[in-house]
Amino acid sequence: MKLSRKVLRFILLLIYLKIHASVAQDYDEPKEEERASPPPAVEECNGIYVSYEFLSRTKGYPRVKSTPAQSWTFNATATVVNTGADELKAWKIFIGFQHKEILVSASGAVSLDGESYPAAVGNGTYLSGNPQADLKTSIDTAGDFTQMQAKIDLSGTQFGVKPPAVPVPKTIKLVNDGYQCPAPTRKKTSMHICCKKNPKLKAKEVKTKFLPRQNGDLSISYDVTQSYANNYLAQVTLENKSPLGRLDHWNLTWEWMRGEFIYTMKGAYTRNIDYSGCLYGPAGTYYADMDFSKVMNCEKRPTISDLPRERANDTEVGKIPYCCRNGSLLPTIMDPSQSKSVFLVQVFKLPPDLNRTAFYPPEKWKIVGTLNPDYKCGQPIRVDPTKTPDPSGLQATKSALASWQIVCNITKPTKGKSRCCVSFSAYYNESVIPCNTCACGCPDTKKCNPEAPALLLPAEAILVPFENRTIKAKHGQA
């Protein structure tokens, strides 16, 4: 009996030591990091896989009885995976929202419409990758999906679709040049598509390290010319390449994505000179000894305008080629020397970008003018460094440290409601052909009935101010 107890104790001791050793081994060995996994349908795609998956929604406020007016907060995920043989540079997708959606955030991407969030995207929206704009191939990365795949977490508000119906977009597609996309495969809460290169389109041989420069109605170049540990100097060049469109009194806006701020500028100025955003923000904490009263602008989305012509020879803000034209850019066919505008901007950075080679251009570019066409700008695309003549006068060229191109194209103007009408009359008519009642708007329906028939007026009433036509109108009716 005593022997059996000793044997039992020995067996229990062995079991205890074995368990302790296994636990210690599991504790000492680091766990393998979870790698990004591909979506299941990606196995059947040899191209660019794009998907949209609806995740969840909650009923928003205010709570109303009308279904079309009730808001719902939704969360969704969009995924872009490169399963082809060629690297996809500057990927762009279109999501065809259709339920009056308001996009509040899109992590991992930026809107190509240049609008800040929240943005109304009920007619669809274009998204581009940020910071991961390029998707490498499985061949070049040994199947590393962190470099092959981009995932966008979407959150926003939609209207008019209550459970159990699911608010999915009308369509999704890749909009990069040279790719063809079929109709998406739909499921209850998701859709996916596999886009492939157009076999009839001959790919141009790219001899540069980065993407070749693109053509557009307006080309903007963002060139870093000098670099320091915590700031850099950039030259911004606007070139009007449209044969018909011109810009007058242009206003340029962009959005800083990493907390940068404008210290000084030459050749242009910000419409709002304000440093309070730096003083009370992260910049004020890091640059504690900086005199922010000398800072030009600390807004996340500054508005920049061209200097007037009389400041062209100003030693402090002018004295650079192609500056100070009062915001006028003529078409090249009219005057090539007046189709370009240039200004310099000194940009200060924040951690963790404090080294000489960390450059991140601003996003969401937008340009407007006075009585000019509407422009839609794309995202900055990394291109080969811009080369300019050496300022010393020698027969040499000087290259920028890094360059990005932003292409803006003229869009069709949105159809607006008529604000007024023009009345005509023939020489043999005794009265003027009237406009519809309230054709120029009806701000006070108590004093003006939009349904009332229009009054005939004698021809001479056109020469009378609108407020004093009452008597003429009564005579016309008599």
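## Ground rules

This is a predicted model: local features need pLDDT of at least 70, side-chain atom pairs count only at pLDDT 80 or more, and totals for chains, interfaces and linings use all residues. Residues are numbered from 1 along each chain as its sequence is written, and side-chain values use heavy atoms, with hydrogens and water left out.

## The whole protein

The protein has 6 helices and 27 strands, taken as DSSP runs numbered from the N terminus (helices are H or I with at least four residues, strands E with at least two). Of the 478 residues, 38% are buried. Here buried means under 20% relative accessible area, exposed means over 50%, and partly exposed is in between, with a 1.4 Å probe and protein chains only.

The accessible surface comes to about 29,400 Å², and 54% of that belongs to carbon and sulfur atoms. Those areas come from the Shrake-Rupley method with a 1.4 Å probe; for residues, only the protein chains shown count as cover. As for contacts (heavy atoms within 4.5 Å), take those with a separation of 6 or more: residues 24 or more positions apart account for 65% of them.

## Disulfides

There are 5 disulfides in the structure, each a pair of cysteine sulfur atoms within 2.5 Å. One of them is the opening pair, Cys278 and Cys298, with an S to S distance of 1.9 Å. Cys278 sits in helix α4 (residues 276–279) and Cys298 in the loop between α5 (282–286) and β18 (303–306), so the link ties together parts that are 20 residues apart in sequence. Both Cys278 and Cys298 are buried.

Another disulfide joins Cys45 and Cys194, with the sulfur atoms 2.0 Å apart. This pair links distant parts of the chain, 149 residues apart: Cys45 is in the loop between α1 (2–28) and β1 (48–59), and Cys194 is in strand β12 (residues 190–197). The link is right-handed, at 80 degrees about the S-S bond. Cys45 has a relative accessible area of 3%, so it counts as buried.

Then there's Cys181 with Cys195, sulfur atoms 2.0 Å apart, in a right-handed link with 110 degrees about the S-S bond. Cys181 lies in the loop between β10 (179–180) and β11 (185–186), while Cys195 is in strand β12, so parts 14 residues apart in sequence get tied together. Cys181 is partly exposed because its relative accessible area is 28%, whereas Cys195 is buried at 0%.

## A four-stranded sheet

An open sheet of 4 strands runs in the order β5-β7-β3-β9, with antiparallel pairing. Strands pair if DSSP finds at least two bridges between them. The edges are β5 (109–111) and β9 (172–174), each of which pairs on one side only. On average, neighbouring strands of the sheet are turned by 30 degrees against each other, direction ignored.

Val110 stands opposite Ser128 in β7.

## Around Lys340

Lys340 is part of strand β19 (residues 340–348). With a relative accessible area of 23%, Lys340 is partly exposed. Leaving aside neighbours within four places in sequence, Lys340 is in contact with Thr237, Leu238, Glu239, Tyr322, Arg325 and Leu329. Pro321 is 19 residues from Lys340 in sequence, and 9.6 Å separates the two in space, C-alpha to C-alpha.

Conventions. Axes are lines fitted to C-alpha atoms, for helices over the stretch in contact, and angles run from 0 to 180 degrees between N-to-C directions.
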